[in-house]
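The following exercises ask the reader to describe a structure from its coordinates. Each task is followed by a solution worked in steps.

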Amino acid sequence: MSTNTVNHLAGLLRRHLKAIRSRLRILPPGRIAVIVLAVLRHDQRLAGRAGGNNVSESTVRRWRDELIGLLAAQAPRLDRALRKVAKQGGEVVLIDGTLIRTRRRTGKTDRRNYSGKHRSHGLHFLAMTDENGHLIWISAARPVRTHDNTAARHDQILAHLRAAGLGALADLGFRGLDNDILTPVIVTSYTASRTHKLTPGEKEANRVLAVGRAPVEHGFADLKNWRILTKLRTDPVQATRLLRALLVLTNLEVNR
């Protein structure tokens, strides 16, 4: 981890402690920041980090949850993220949905978190990047069975894009989300059917779109470098805060 990221996290904690008028913690903010980053980056066990620093496991858990909450509060809202891209001269964003695997939990309520396609329990979320693949926004985590279009409609993606004057490149999971033929905002690839074969022009358009969408995968790769996302052990309800906190940390690391 870069020194810039550690200092950012330590400064965030110092300001929080000052705001709530809390006494100093058993360890300095810089040391706490390193411990929490180790947990998030390498998915280290809380008990292991606690034993190595002579504190209890519950104390490390409290530090982790506290800093995740502070970081998540810094994650940009969708409308602000899109306005920033437009202000910087951007014309399009890249949008895609992905799966974050989770551990299996008992009870009927967890059945919707099982994906037959991936044969795994998990959560679905949408993410947006700019043209260069830098993450700018992450949606709330939803059951893995959620369709990309359903999530996009719930987050009013189309309305936010029109308000910002931006277009979006997306895969076939978003087909049908934007039915405006004359001035489409969300562009997806052409598909062949039994009665219609792709023309050379449509094949070329699909190739160009695939090249344009490639950077979104780099954005996902940067995010999933945080090994805590390998197979989440946290409660799915808390996953949204975790993902947004990791978005902030990812941008700190990528833009250093």
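**Exercise 1. Characterise the chain as a whole: what percentage of the residues is buried, and how many helices and strands are there?**

Step 1. In this predicted model, buried residues account for 47% of the 256 residues in the chain.

Step 2. The secondary structure consists of 9 helices and 7 strands.

Step 3. The C-alpha trace spans about 70 × 45 × 25 Å along its principal axes.

Step 4. Consider contacts between residues at least 6 apart in sequence: 64% of these join residues at least 24 apart.

**Exercise 2. Describe the packing of helix 4 against helix 9: at roughly what angle do their axes cross, and which residues make the contact?**

Step 1. Two packed helices are described by the angle between their axes and by the distance between those axes.

Step 2. Helix 4 covers residues 57–72 and helix 9 covers residues 239–254; their axes come within 8 Å and cross at roughly 70 degrees.

Step 3. Angles of 65 to 115 degrees count as roughly perpendicular, so helix 4 is roughly perpendicular to helix 9.

Step 4. The crossing of helix 4 and helix 9 is left-handed.

Step 5. Helix 4 contributes Asp65, Ile68, Gly69, Leu71 and Ala72 to the contact, while helix 9 contributes Arg241, Leu242, Arg244, Ala245, Val248 and Leu249.

**Exercise 3. Repeat the analysis for helix 1 and helix 4: within what distance do their axes come, and which residues meet?**

Step 1. The axes of helix 1 and helix 4 come within 10 Å and cross at roughly 95 degrees.

Step 2. Helix 1 is therefore roughly perpendicular to helix 4.

Step 3. From helix 1, His8, Leu9, Leu12, Leu13 and His16 meet Glu66, Leu67, Leu70 and Leu71 of helix 4.

Step 4. The contact of helix 1 with helix 4 comprises 6 nonpolar, 2 polar and 1 charged residues.

**Exercise 4. Examine the nonpolar cores: which residues of the largest core touch the most other members, and which helix gives the most residues to it?**

Step 1. As background, nonpolar side chains in soluble globular proteins tend to be buried together.

Step 2. The largest nonpolar core holds 50 residues, and those touching the most other members are Leu40, Phe125, Leu229, Leu242, Leu246 and Leu249.

Step 3. Helix 9 gives the most to this core, namely 9 residues.

Step 4. A second, separate core has 22 residues, including Ala81, Leu82, Ile136 and Ala168.

**Exercise 5. Consider the backbone at arginine 21 and asparagine 54: where in the chain does arginine 21 lie, and where is asparagine 54 found?**

Step 1. Most residues other than glycine have a negative phi.

Step 2. Arginine 21, although not a glycine, has a positive phi of about 55 degrees. It is placed in the loop between helix 1 and helix 2 (29–42).

Step 3. Because its relative accessibility is 79%, arginine 21 counts as exposed.

Step 4. Asparagine 54 is not a glycine either and has a positive phi of about 60 degrees. Its location is the loop between helix 3 (46–52) and helix 4.

Step 5. With 72% relative accessibility, asparagine 54 counts as exposed.

**Exercise 6. Locate methionine 1: how many Å separate the C-alpha atoms of methionine 1 and glutamate 253?**

Step 1. Methionine 1 belongs to the segment before helix 1 (3–19).

Step 2. At 41% relative accessibility, methionine 1 counts as partly exposed.

Step 3. Methionine 1 and glutamate 253 are 252 residues apart in sequence, and the distance from C-alpha to C-alpha is 7.5 Å.

Terms used
Residues are numbered from 1 along each chain as its sequence is written. This is a predicted model: local features need pLDDT of at least 70, side-chain atom pairs count only at pLDDT 80 or more; totals for chains, interfaces and linings use all residues. Side-chain values use heavy atoms; hydrogens and water are left out. Axes are lines fitted to C-alpha atoms, for helices over the stretch in contact, and angles run from 0 to 180 degrees between N-to-C directions. Helices (H or I, at least four residues) and strands (E, at least two) are DSSP runs, numbered from the N terminus. Angles under 35 degrees count as roughly parallel, over 145 as roughly antiparallel, 65 to 115 as roughly perpendicular and the rest as oblique. A crossing is left-handed if the near helix is turned anticlockwise from the far one by less than a right angle, and right-handed if clockwise. Contact means heavy atoms within 4.5 Å. A nonpolar core is a set of buried Ala, Val, Leu, Ile, Met, Phe, Trp, Tyr and Cys residues joined through side-chain atoms within 4.5 Å. Buried means under 20% relative accessible area, exposed over 50%, partly exposed in between (1.4 Å probe, protein chains only). Ala, Val, Leu, Ile, Met, Phe, Trp, Tyr, Cys and Pro count as nonpolar, Asp, Glu, Lys and Arg as charged, and the others, Gly among them, as polar.
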